[in-house]
Protein chains: 2
Amino acid sequence: MNFLEERIIKDGIVKEGNILKVDSFLNHQMDIGLFNEMGAEFARRFDGLPINKILTIEASGIGIACIVAEHFGNVPVVFAKKSQSVNLDGEMYMADVASFTHKNTNHVIVSKKFLDSSDHVLLIDDFLANGCALQGLISICDEAGATVEGIGIAVEKGFQPGGEKIRSMGYRLESLAIVESMDAKTGNIIFREQ
Amino acid sequence: MNFLEERIIKDGIVKEGNILKVDSFLNHQMDIGLFNEMGAEFARRFDGLPINKILTIEASGIGIACIVAEHFGNVPVVFAKKSQSVNLDGEMYMADVASFTHKNTNHVIVSKKFLDSSDHVLLIDDFLANGCALQGLISICDEAGATVEGIGIAVEKGFQPGGEKIRSMGYRLESLAIVESMDAKTGNIIFREQ
């Protein structure tokens, strides 16, 4: 087991409805030392790629993405926003994203000022389940003509279809922990061998 | 002028309606090197305080808070969430926050697991205008019995009442840039001498 799998075993909680709560260290309270370990591991896995920007989606991707950026030479981080704000004007890339967690659909937007065909992007997010958030970010990169160099995920739910969908599209997807199965009754979590 | 004031002069855009757009480096695209300078400056201003946790609010406070945390010995960062998620259960602290930017009111929630009377908290946010977000975070700390050791803000709009309100409550509030006035016609921005 790697450092993140060990931490999930130690502090993750399995709930009914295929919910894995990691809110004590990943997506409500955030362990910055752990995020640095994740950044170092992504830098190792994506070594040599010409990544010049990180793209993530609010809210729980942002903290991870910012710390990960330090391991890629402080490249700028852009986060896709979930609703149009009066502070945002001009032209936007837009995609629709269904949320597994919140049971709704959001528009996500990225200003055209911050993504274009010169960009080589690393996508970062905390969770991958059905892949809807990632597909939204990929569609925004496609619209911008930007190159998706890789996708870094903290926790992938291997028993949901997102990972296979994204890999079958040809993207280089690295998930630091892939949950193969989990059991809310026993609290048991099995990870995929990588 | 300090480094953040210089950056605002260089890349900030003044819009009608008292809007200062800093989305190219602060709250849509994020400059991680700049965030590290901000973290170092907050560490200098809040030196010696027994800060063991950073509390911020989604979404644009999160990136700054995570990088700032590295300058406070990697203390955990908790972000207040803007809506109840099915992934959040158990007891929550809750406050209502009106948003100047989005012209609406949100419930913000923090799990009681991650804030209690043993905590000495630094509040971090990108903007301070009317102070509603900060008052929500302060009320959550009060409810938890946590001590607010200080408040670190990137950009304060000095011509709006939030800063005076928070300072008159006795909190130690440090804003890296305080905009005294700005003019959408000329693009001119005047900062308060600190």
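**Strands, a helix and the overall fold**

A: In strand β9 (residues 147-157) of chain A, 10 of the 11 residues are buried, so β9 is largely enclosed by the rest of the structure. Buried means under 20% relative accessible area, exposed over 50% and partly exposed in between, with a 1.4 Å probe and protein chains only. Strands (E, at least two residues) and helices (H or I, at least four) are DSSP runs, numbered from the N terminus.

Q: Before we go on, what sort of model is this?
A: This is a predicted model: local features need pLDDT of at least 70 and side-chain atom pairs count only at pLDDT 80 or more, while totals for chains, interfaces and linings use all residues. Residues are numbered from 1 along each chain as its sequence is written, chains are lettered from A and ligands numbered from 1 in the order written, and side-chain values use heavy atoms, leaving out hydrogens and water.

Q: OK. In which sense do β8 and β9 of chain A pair?
A: Parallel: strand β8 (residues 120-128) of chain A and β9(A) share 8 bridges. Pairing here requires that DSSP finds at least two bridges between the strands. A:F127 sits opposite A:V155 in β9(A).

Q: Which strands pair with β5(B)?
A: Among them is strand β3 (residues 29-30) of chain A, antiparallel over 2 bridges, with A:Q29 opposite B:V78. Strand β4 (residues 53-57) of chain B pairs with β5(B) in the parallel sense over 4 bridges, and there B:T56 has B:F79 as its bridge partner.

Q: Switching to helices: which residues of α1 in chain B are buried?
A: B:L4, B:E5, B:R7 and B:I8, in a helix that runs over residues 3-11. Down the axis of α1(B) they fall within an arc of 160°, so they line one face of the helix; the arc is that of the directions from the helix axis to the C-beta atoms.

Q: What's at the start of that helix?
A: A side-chain oxygen of B:N2 comes to within 3.0 Å of the backbone nitrogen of B:L4.

Q: Last one: how many helices and strands does chain A have?
A: Chain A has 5 helices and 11 strands. Of its 194 residues, 57% count as buried, and the C-alpha trace spans about 50 × 35 × 30 Å along its principal axes.

Technical notes:
A polar contact is a pair of N or O atoms within 3.5 Å; within protein, one must be able to donate a hydrogen and the other to accept it, and residues adjacent in sequence count only if both atoms are side-chain atoms.
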